[in-house]
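Please keep the sequence and the model at hand while reading.

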Amino acid sequence: MNTNPPNQEQAAHWAQFTIVPSALLHYNQYAPPEMKLKGMEQLILIHLLSHAFGSTVVFPSQERLAQYMGTTRKSVSSYINTLVEKEWLHKRNNGYKLNNSYDLLPAINRLRGVDRKIETCNHPSKPSGVVNPHFLIQS
């Protein structure tokens with residue numbers, strides 16, 4: 001096991017992070033049974049969100065997503081198709097040898113609805129009816 005401290009390039013790489021909406025993490029608590037997300041579907045959404053730099057349209061390759069997730073491209077494709085069927089995202093085939101693009105606007109709109117539900121719930125560390133949307137990060 002390497003116990004050497006990371007060099008500057010490695011440290012910069014590991015300093016990058018993705019902000020995950022609390023509504024996505026808690027979605028299954030509020031979703032009807034037929035709309036609940038499987039863990040891999042949530043993970044794909046998280047990875048797609050990690051590519052959204054000021055835009056709702058992202059275009060990572062399914063092969064790259066599979067590498068990130070430790071699974072196959074075929075599995076990623078299947079889960080993406082399920083997310084399209086469940087109306088979490090729109091997929092556009094950009095042609096031969098080009099990555100598909102994925103519009104995350106449907107997911108963002110759905111999560112806004114869950115955010116409203118979370119805001120009206122009680123949480124032990126907050127007064128009745130008030131929830132800190134970042135209650136998982138407490139100092």
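## Packing of two helices

How are helix 5 and helix 6 oriented to each other: roughly parallel or roughly perpendicular? Helix 5 (residues 62-69) and helix 6 pack at an angle of about 105°, with 8 Å between their axes, and the two are therefore roughly perpendicular to each other. Angles of 65 to 115 degrees receive that description, whereas those under 35 count as roughly parallel, those over 145 as roughly antiparallel and the rest as oblique; the axes are lines fitted to C-alpha atoms over the stretch in contact, and angles run from 0 to 180 degrees between N-to-C directions.

On the side of helix 5 the contact (heavy atoms within 4.5 Å) is made by Gln62, Glu63, Leu65, Ala66 and Met69, and on the side of helix 6 by Arg73, Val76, Ser77 and Ile80.

## Basis of the model and overall layout

This is a predicted model, in which local features need pLDDT of at least 70 and side-chain atom pairs count only at pLDDT 80 or more, while totals for chains, interfaces and linings use all residues. Residues are numbered from 1 along each chain as its sequence is written, and side-chain values use heavy atoms, with hydrogens and water left out.

The chain holds 7 helices and 3 strands, which are DSSP runs numbered from the N terminus (helices H or I, at least four residues; strands E, at least two), and their order along the sequence is α-α-α-α-β-α-α-β-β-α. Of its 139 residues, 27% count as buried, that is, under 20% relative accessible area with a 1.4 Å probe and protein chains only, as against exposed at over 50% and partly exposed in between.

## An aromatic pair and a charge

A search of the whole structure finds 1 aromatic pair. Tyrosine 27 belongs to helix 3 (residues 27-30), whereas tryptophan 88 lies 61 residues away, in the loop between helix 6 (73-85) and strand 2 (90-92). Both tyrosine 27 and tryptophan 88 are buried.

The charged end of arginine 110 sits over the ring of tryptophan 88, 4.8 Å from its centre, a description that requires CZ of Arg or NZ of Lys within 6 Å of the ring centre and within 35 degrees of the ring normal.

## Surroundings of valine 58

Valine 58 is located in strand 1 (residues 57-58) and is buried, with a relative accessible area of 1%. Leaving aside residues up to four places away in sequence, valine 58 touches Leu48, His51, Ala52, Asn100, Ser101, Tyr102 and Leu104.

How values were computed
Rings of Phe, Tyr and Trp (its six-membered ring) pair if their centres lie within 6.5 Å; planes under 30 degrees apart count as stacked, over 60 as edge-to-face and the rest as tilted.
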